[in-house]
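Take a moment with the sequence and the 3D view below.

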Amino acid sequence: YYLTHRFRLPRDFSDLIYLTQIQQAEAMRIGIEHWRRHSPRCSGALYWQYNDCWPVVSWASVDYAGRWKALHYAARRFNAPLTLSLQDEGSRVRPFVINETREYWQGTLHWSLETLEGEKVASSSEAVTVSPVSVTGLQSLDFANALKVYGAARLVFVAGLYDGEKRLAWQTVAFVPEKRMDLPDPELHWTVAEEDEQLAITLSSRTFARFVWLQMEGADTIFSDNFFDLPANWMVQVHCPLPASWTIEQAEHALRVRSLADVVPANSAISDKIRHILLGLKPVSLLTRIIFSFLE
């Protein structure tokens, strides 16, 4: 039910695994960032569960073989001592900088409202100073007019937190559920090189790439980052160990990179809508919504 609220039902089982991992990671991210933004009233969250000790479908963020799911990569980002969080509601976006270190932090926030193809509709930069162990909310931005002119499904908000030229964190906001976005083929490009006895994978994208997923076929590789958004014309570098006895050429051949644009829907959008409604009418779904309506 919740998957069909946001995504199209996929044709392949491997895509279902990919989407349900993203669904889990996004649900946890939204909740935990909300709580972190309300420091000191709330200073974060502990989530269940970390790992599994046998093969099972579960809430864990690390599986029994030690492989990281999407949630574990997301947790590294949303639980970072210094990070960026975007509060979005309708056409409005408000950036927050969270600093849980014991030092003042000074840097710059760069943001842009852009089309999926990377055309800038609006952009700005702002110097930011954050006190130790505190949260700073920046100016709230309203893009109602731009969403009407360009169409909400064609725009994304992109924000990055910088220390000089170094990008420390970034986030994006889509203004409609992904099932309503016509994501173009991002034409992802990557190169692989050896750097300090590790693999350095440099990725770029022609258009906005949603939830970029890296895999090393034949190896249970843990990357420095994964399941992230790659805005149009950006370049991001990811590191990982070179599997034992592998050459760089073997690793480059085994590397698989994909994004949400690669997911092929199983049926039409109308069929998905009917499926979503029918799932919502199940007794357990109705009971869940009634319980949460009282909790709100």
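Glu 117 counts as partly exposed, because its relative accessibility is 40%, and the cut-offs for that class are 20% and 50%. Keep in mind that this is a predicted model. Which residue does Glu 117 meet in a salt bridge? The partner is Arg 154, with N and O 3.9 Å apart. Now place the two on the chain. Glu 117 sits in the loop between β3 (105–115) and β4 (120–130), and Arg 154 in the loop between α4 (144–150) and β7 (155–163). The pair therefore ties together parts 37 residues apart in sequence. Arg 154 is partly exposed too, at 37% relative accessible area.

Next, look at Glu 114. Is Glu 114 buried or exposed? Its relative accessibility is 2%, so Glu 114 counts as buried. Its side chain still meets a charged partner: Glu 114 and Lys 120 form a salt bridge, 3.6 Å from N to O.

Another pair reaches across the chain. Asp 220 forms a salt bridge with Arg 67, and their closest N and O atoms are 3.7 Å apart. This pair links distant parts of the chain, 153 residues apart. Asp 220 lies in the loop between β11 (209–216) and β12 (228–230), while Arg 67 lies in the loop between α2 (13–37) and α3 (70–78). Arg 67 is partly exposed, at 34%.

Ser 61 lies in the loop between α2 and α3. Its relative accessibility is 0%, so Ser 61 counts as buried.

Finally, step back to the salt bridges as a set. How many does the structure hold? There are 18. Some residues are joined in a network of salt bridges. Its members are Arg 6, Glu 26, Arg 29, Glu 33, Glu 178, Arg 210 and Asp 229. Find these residues in the 3D view and trace the network.

Key:
Residues numbered from 1 in each chain as written. Predicted model: local features only at pLDDT ≥ 70, side-chain atom pairs only at ≥ 80, totals over all residues. Heavy atoms only, no water. Salt bridge = Lys/Arg side-chain N within 4 Å of Asp/Glu carboxyl O. Helix = DSSP H or I, 4+ residues; strand = E, 2+ residues; numbered from the N terminus. Buried < 20%, exposed > 50% of the residue type's maximum accessible area, 1.4 Å probe, protein only.
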